[in-house]
Amino acid sequence: MDISSLIDEVIAREGGYSNHPADRGGPTNFGITQIVARSNGYMGDMRLLPRSVAEAIYRRLYWEKPGYAFVAELAPMVAEELFDTAVNMGPGTASGFLQRALNALNRNQSDYPDLKVDQSVGARTLGALGAFLKLRGKAGEKVLLKALEALQGERYLALAESRPANEAFLYGWLANRIG
């Protein structure tokens with residue numbers, strides 16, 4: 001697993017500059033919204049956002065800070081999914097999906113204790129992931145990945161149902177982010 005390759009894939013999927021009227025993110029380049037760019041020190045025109053700045057933001061905010069590099073040591077496919085979900089929905093949401101899925105897959109706490117869904121990957125979440133994978137193996141990683149994608153898909157549908165303007169994005173979200 002190479003985070004640089006994952007970042008390249010996200011940037012290719014996100015594309016260049018956009019400012020879609022239905023997108024609450026406003027001006028966006030390489031998938032980085034103006035709000036995120038500003039909060040990370042970039043004050044220039046979003047059309048001119050350097051790719052290197054976008055790459056650094058992706059690496060720091062959506063890989064290193066939420067702890068997905070540690071997840072990658074145990075479950076690379078899960079880490080890749082968490083990264084992609086974090087880019088699109090935020091790291092807290094992605095991490096919360098992992099915790100919820102692990103709780104639902106622990107067979108009423110017979111495999112490991114339930115996690116507090118605090119949307120943060122820490123030692124307990126990594127421990128539960130390790131226990132799950134020790135019990136379920138490589139097949140377990142694939143099942144966990146399906147659970148994460150199911151949660152993500154349901155979230156997209158809920159977003160479209162709660163705000164009709166989001167229907168403009170639903171097809172692309174499902175086509176490019178799930179499976």
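Thr 85 touches Gly 90, Ala 94, Phe 97 and Gln 152, leaving out residues up to four places away in sequence. Contact here means heavy atoms within 4.5 Å. Thr 85 lies in helix H5. Thr 85 is buried, with a relative accessible area of 4%. Buried means under 20% relative accessible area, exposed means over 50%, and partly exposed lies in between (1.4 Å probe, protein chains only). Helices (H or I, at least four residues) and strands (E, at least two) are DSSP runs, numbered from the N terminus.

This is a predicted model, in which local features need pLDDT of at least 70, side-chain atom pairs count only at pLDDT 80 or more, and totals for chains, interfaces and linings use all residues. Residues are numbered from 1 along each chain as its sequence is written, and side-chain values use heavy atoms, with hydrogens and water left out.

**The nonpolar core**

In soluble globular proteins, nonpolar side chains tend to be buried together. A nonpolar core is a set of buried Ala, Val, Leu, Ile, Met, Phe, Trp, Tyr and Cys residues joined through side-chain atoms within 4.5 Å. The largest such core has 50 residues, and Tyr 58, Tyr 62, Phe 83 and Leu 102 touch the most other members. Two or more residues come from each of helix H1 (3-14), helix H2 (34-39), H3, helix H4 (68-74), H5, helix H6 (91-104), H7 and helix H8 (167-177). H7 gives the most to this core, with nine residues.

Which residues does Tyr 58 contact, leaving aside its neighbours within four places in sequence? Its partners are Ile 7, Val 10, Ile 11, Glu 14, Phe 30, Gly 31, Ile 32, Trp 63, Phe 83 and Val 87.

**Helices H3 and H6**

The buried residues of H3 are Ala 54, Ile 57, Tyr 58, Leu 61, Tyr 62 and Trp 63. Their cover includes H1, strand E2 (32-33), H2, H4, H5 and H6. H3 has 14 residues, which should span 20 Å at 1.5 Å a residue; its end C-alpha atoms are 18 Å apart, which agrees. The expected span is 1.5 Å times one less than the number of residues in the helix.

H6 also has its span on record here: 14 residues reach 20 Å from first C-alpha to last, close to the 20 Å expected at 1.5 Å a residue. H6 is mostly covered, with 10 of its 14 residues buried. Among them are Ala 94 and Phe 97, both of which touch Thr 85. The buried residues of H6 pack against H4, H5 and H7.

**Aromatic pairs**

A pair of aromatic rings is described by the distance of the centres and the angle of the planes. Rings of Phe, Tyr and Trp (its six-membered ring) pair if their centres lie within 6.5 Å; planes under 30 degrees apart count as stacked, over 60 as edge-to-face and the rest as tilted. The whole structure holds five aromatic pairs. In one of them, the ring centres of Trp 63 and Phe 83 are 6.0 Å apart and the planes stand at 80 degrees, so the pair is edge-to-face. This pair links distant parts of the chain: Trp 63 is in helix H3 (residues 51-64), Phe 83 is in helix H5 (residues 76-89), and they are 20 residues apart. Trp 63 is buried at 6% relative accessibility. Phe 83 is buried at 1%. Ring pairs join Tyr 58, Tyr 62, Trp 63 and Phe 83 into a cluster.

Tyr 17 has a charge over its ring. Arg 47 lies over its face, 5.2 Å from the ring centre. The test is NZ of Lys or CZ of Arg within 6 Å of the ring centre and within 35 degrees of the ring normal.

**Salt bridges**

Side chains of opposite charge can pair when their charged atoms come close. A salt bridge is a side-chain nitrogen of Lys or Arg within 4 Å of a carboxyl oxygen of Asp or Glu. The structure holds six salt bridges, including these.

| Arg 51 | Glu 55 | 2.7 Å |

Arg 51 and Glu 55 are four residues apart in helix H3, about one helical turn. Arg 51 is partly exposed at 33% relative accessibility, and Glu 55 is partly exposed at 27%. Asp 8, Arg 51 and Glu 55 are linked in a network of salt bridges.

Lys 138 and Glu 141 both lie in helix H7 (residues 123-162), three residues apart. Lys 138 is exposed at 52%, whereas Glu 141 is buried at 2%.
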